[in-house]
Amino acid sequence: MIFSLHKSERMAEEKEYYYNNSVNTTLYNGDAEDILKSMEDNSVDCVVTSPPYDNLRSYMGVGDTWNHGKFCAIEQELYRVVKPGGVVVWVVNDKTEKGSETGTSFRQALHFMDIGFNLNDTMIWTKKIRFLC
């Protein structure tokens with residue numbers, strides 16, 4: 001599941017937009033909470049991330065420290081650093097347990113909305129697995 005979140009429309013209307021032809025892009029690799037805490041308020045246009053979710057992936061030990069508290073801390077920092085009208089693309093999935101999905105991705109989307117993001121789009125897709133013979 002991928003969902004795209006925008007900061008509230010009210011805040012976006014207050015923002016003045018400036019365009020230029022140069023594109024400045026910075027990629028960060030590290031603990032998201034630590035990196036976000038070091039960033040200035042309203043300094044990021046777009047975030048694309050696929051955080052650990054439902055222990056479905058191994059992230060060299062990072063998933064071991066991922067929990068609801070960590071999620072809440074990161075989402076608060078994202079809201080602080082993303083510019084009004086900015087976008088967060090949050091790529092997650094749900095584990096299937098006892099024949100049912102956990103719903104973690106939906107709870108996260110609702111939590112983002114609770115702190116002030118607008119839920120712009122939700123996409124669900126089936127990933128095709130190709131076998132090379």
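1. A search of the whole structure finds zero disulfides, a disulfide being a pair of cysteine sulfur atoms within 2.5 Å. C46 is partly exposed, at 45% relative accessible area. C72 counts as buried, at 19%. Buried means under 20% relative accessible area, exposed over 50%, and partly exposed in between, using a 1.4 Å probe and protein chains only.

2. Basis. This is a predicted model, in which local features need pLDDT of at least 70, side-chain atom pairs count only at pLDDT 80 or more, and totals for chains, interfaces and linings use all residues. Residues are numbered from 1 along each chain as its sequence is written, and side-chain values use heavy atoms, with hydrogens and water left out.

3. Overall build. The protein has four helices and six strands. Their order along the sequence is β-α-α-β-α-β-β-β-α-β. Helices (H or I, at least four residues) and strands (E, at least two) are DSSP runs, numbered from the N terminus. Of the 133 residues, 36% are buried. Take the contacts between residues at least 6 apart in sequence: 82% of them join residues at least 24 apart. Contact here means heavy atoms within 4.5 Å.

4. Helix pair, geometry. Helix α3 covers residues 68–81 and helix α4 residues 104–115; their axes come within 10 Å and cross at roughly 45°. Axes are lines fitted to C-alpha atoms, for helices over the stretch in contact, and angles run from 0 to 180 degrees between N-to-C directions. The two helices are therefore oblique to each other. Angles under 35 degrees count as roughly parallel, over 145 as roughly antiparallel, 65 to 115 as roughly perpendicular, and the rest as oblique.

5. Helix pair, residues. From α3, the residues H68, F71, C72, E75, Q76, L78 and Y79 meet Q108, H111, F112 and I115 of α4. By class, this contact has six nonpolar, four polar and one charged residues. Ala, Val, Leu, Ile, Met, Phe, Trp, Tyr, Cys and Pro count as nonpolar; Asp, Glu, Lys and Arg as charged; the others, Gly among them, as polar.

6. R80. This residue is found in helix α3. R80 is partly exposed, with a relative accessible area of 23%. V44 is 36 residues from R80 along the chain, and their C-alpha atoms are separated by 9.4 Å.

7. T104. This residue lies in helix α4. T104 is buried, at 16% relative accessible area. Beyond its neighbours within four places in sequence, T104 is in contact with D54 and D94. D94 is 10 residues from T104 in sequence and 6.0 Å away, C-alpha to C-alpha.
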